[in-house]
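Me: I would like to learn how to read a two-chain model, feature by feature. Can we take burial, contacts, the interface and cavities in turn?

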Amino acid sequence: MPEILFFSLVAGVAIISSILVVAMRNPINCALSLIMSFFCMATLYVMLDAPFMAATQVIVYAGAIMVLIVFVIMLLNMRTETSKNYVHGVLVGCIVAVLTLFVISGFLTKSPLTGATGSMTPELITKVGHTELIGRAMFSQFLLPFEITSILLLVAIVGSVILAKRKL
Amino acid sequence: MEYEILGLPAWYYIAMVAKVLVVFVWVLLTVAYATYAERKIIGHMQVRLGPMRTGWHGLLQPIADGLKLFFKEEIIPAEASTFAFLVAPLIALVPAFISFAVIPFGTTITVMGCKIPLQIAAYADKSGGVIDVNVGVLYILALSSLGVYGIVLAGWSSNSKYSLLGGLRASAQMISYELAAGLALITVFMVSGTLSLQQIVADQAGFGWYAWRNPFLFGAFIIFFICSLAEINRTPFDLPEAETELVSGFCTEYSSMKYAMFFMAEYANMITVCAITVTLFLGGWHGPFTDAFPLLSPLYFIAKVYSLIFLCMWIRATYPRYRYDQLMGLGWKFFLPITLVLIVGNGLWISVIGAGNWLGSLFA
């Protein structure tokens with residue numbers, strides 16, 4: 001029971017802050033709301049017994065990506081939106097949202113899931129530890145995708161330096 | 001006798017609340033008296049007396065300062081973005097304080113037959129084993145990365161060029177040095193094999209402190225401490241509030257309690273950083289006779305933390321401030337490559353000599 005209460009609290013804050021992301025006029029306040037919703041997501045991960053996911057969610061999204069976004073907003077010195085409401089997107093948005101809701105509920109009720117569990121059971125996770133399991137899987141089973149991703153990131157870094165610092 | 005609330009015995013909750021209260025009161029008192037200690041220590045190092053008027057040797061100075069700040073007029077600049085301006089001090093203050101939830105400040109003590117580990121986010125299960133957050137270090141890193149927002153927002157929302165420049169400097173500095181500090185921590189995880197602070201401290205028993213497990217870990221300890229100083233904007237890296245250039249940096253436009261909150265956040269961050277360094281490199285609460293007298297362990301922890309805080313103040317009294325480009329060059333061109341070398345060297349040492357406490361085994 002208290003878990004459900006806590007979940008409703010966190011989920012409520014997550015929903016409200018996600019709405020504020022699009023509803024706020026000041027871009028910095030939007031960014032703050034987005035950080036808040038990321039933080040709520042991290043809390044939900046903790047409730048799902050995935051503390052490592054929660055920590056990386058905060059470190060990567062709230063701590064790195066959002067700092068970059070806030071930086072850009074600050075340096076461009078964007079001020080509060082002064083123009084009128086944009087209403088032409090609302091109707092289309094509502095239709096898309098309702099359709100998505102239908103698709104998701106269809107999946108949930110008539111899903112092909114059998115309920116069979118794999119080798120990663122909650123008992124194993126609490127015994128060995130989430131971090132260690134992820135680390136073992138990433139550096140043995142999924143080593144090649146990991147290496148490819150890191151090379152891709154390296155290429156992106158070098159490319160961005162070359163593009164940004166042409167004059168050097 | 002054994003009341004249960006939600007599947008856990010009632011004393012579990014009492015112990016939890018007691019630990020939270022004790023730790024937070026300790027942090028608040030230390031924050032208050034760290035400001036006094038800093039003025040006193042720097043004063044004596046510069047051959048003057050420091051505060052002397054309020055109370056015996058100025059001992060009531062923090063209370064006087066607090067009262068003064070509390071009764072000052074609250075000013076919000078007319079062109080500031082009010083919401084961000086108001087929440088910025090809170091965002092700076094809260095992460096600084098809640099990092100303490102995962103730091104073990106003592107061994108497991110037994111009160112009236114109940115085993116209580118001296119760490120807020122930990123409990124003893126039915127078999128007596130201590131369970132804590134198994135990503136403790138990542139939790140601290142996550143919170144420290146949230147602390148940037150307080151400073152960035154303060155700088156931006158004040159709508160003043162000094163504040164903005166201070167905020168930009170602070171965030172660039174924190175992000176750059178977070179990298180080197182995080183890489184220095186990897187050497188610790190290579191030896192400990194876990195992210196749980198409880199187990200990291202347990203692994204350093206018997207003077208097997210990580211700082212002198214091998215030369216590379218010692219290097220990592222030094223680099224982590226320096227990078228932490230830069231991350232919390234302490235001298236010699238206090239460029240975000242360089243008075244000579246930026247008035248007071250990101251908190252130029254702040255007054256009254258909101259200014260006090262930034263001040264508290266700064267000192268709380270310093271205590272947190274010292275506590276983390278002690279936990280990861282200097283054996284946490286370990287010291288002689290903790291098995292026989294478990295209550296000694298928090299005292300050892302506090303003594304180690306206070307020694308590091310003294311070191312921070314000593315550094316402040318000794319070194320001049322870095323120039324901004326030197327600071328960035330130091331972080332990216334010196335500390336970052338060195339930590340990479342330390343990681344490789346540490347790996348070689350572990351595979352050739354082993355991760356064990358070889359220094360301790362020499363004396364044993």
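Reply: Start with burial. Buried means under 20% relative accessible area, exposed over 50%, and partly exposed in between, with a 1.4 Å probe and protein chains only. Lys258(B) has a relative accessible area of 6%, so it is buried. This is a predicted model: local features need pLDDT of at least 70, side-chain atom pairs count only at pLDDT 80 or more, and totals for chains, interfaces and linings use all residues. Residues are numbered from 1 along each chain as its sequence is written, chains are lettered from A and ligands numbered from 1 in the order in which they are written, and side-chain values use heavy atoms, with hydrogens and water left out.

Me: Where is Lys258(B) found, and with which residues is Lys258(B) in contact?

Reply: Helices (H or I, at least four residues) and strands (E, at least two) are DSSP runs, numbered from the N terminus. Lys258(B) sits in helix α9 of chain B. Contact means heavy atoms within 4.5 Å. Setting aside neighbours within four places in sequence, Lys258(B) contacts Glu74(B), Ile76(B), Phe85(B), Leu86(B) and Pro89(B).

Me: Is Met45(B) buried, exposed or partly exposed?

Reply: Met45(B) has a relative accessible area of 34%, so it is partly exposed. Met45(B) belongs to helix α1 of chain B. Beyond four places in sequence, Met45(B) touches Phe310(B), Trp314(B) and Ala317(B). Its C-alpha atom is separated by 26 Å from that of Gly249(B), 204 residues apart along the chain.

Me: How many residues does the largest nonpolar core have?

Reply: A nonpolar core is a set of buried Ala, Val, Leu, Ile, Met, Phe, Trp, Tyr and Cys residues joined through side-chain atoms within 4.5 Å. The largest one has 116 residues, and Leu280(B), Phe281(B) and Val305(B) have the most contacts inside it. Helix α9 of chain B, residues 256-281, gives the most to this core, with 14 residues. Val305(B) touches Trp26(B), Ile271(B), Cys274(B), Ala275(B) and Val278(B), not counting residues up to four places away in sequence.

Me: How many residues of chain B are in contact with chain A?

Reply: 25 residues of chain B contact 26 residues of chain A. Buried area is the accessible area (1.4 Å probe) that two parts lose on being put together, summed over both. Here the two chains bury about 2100 Å², 77% of it on carbon and sulfur atoms. On the chain B side, Tyr149(B), Trp156(B) and Leu168(B) lose the most area to chain A, together 30% of what that side buries.

Me: Last topic: which element gives the most to the lining of the largest cavity?

Reply: α1(B) gives the most, with five residues. On a 1 Å grid over the protein atoms alone, a cavity is a set of points where a 1.4 Å probe fits but cannot get out, and lining residues have an atom within 4 Å of a point. The lining includes Trp11(B), Tyr12(B), Lys19(B) and Lys115(B).

Methods:
1 Å grid on protein atoms, 1.4 Å probe; cavity = no way out; pocket = protein on both sides within 12 Å on 5 of 7 lines; lining within 4 Å.
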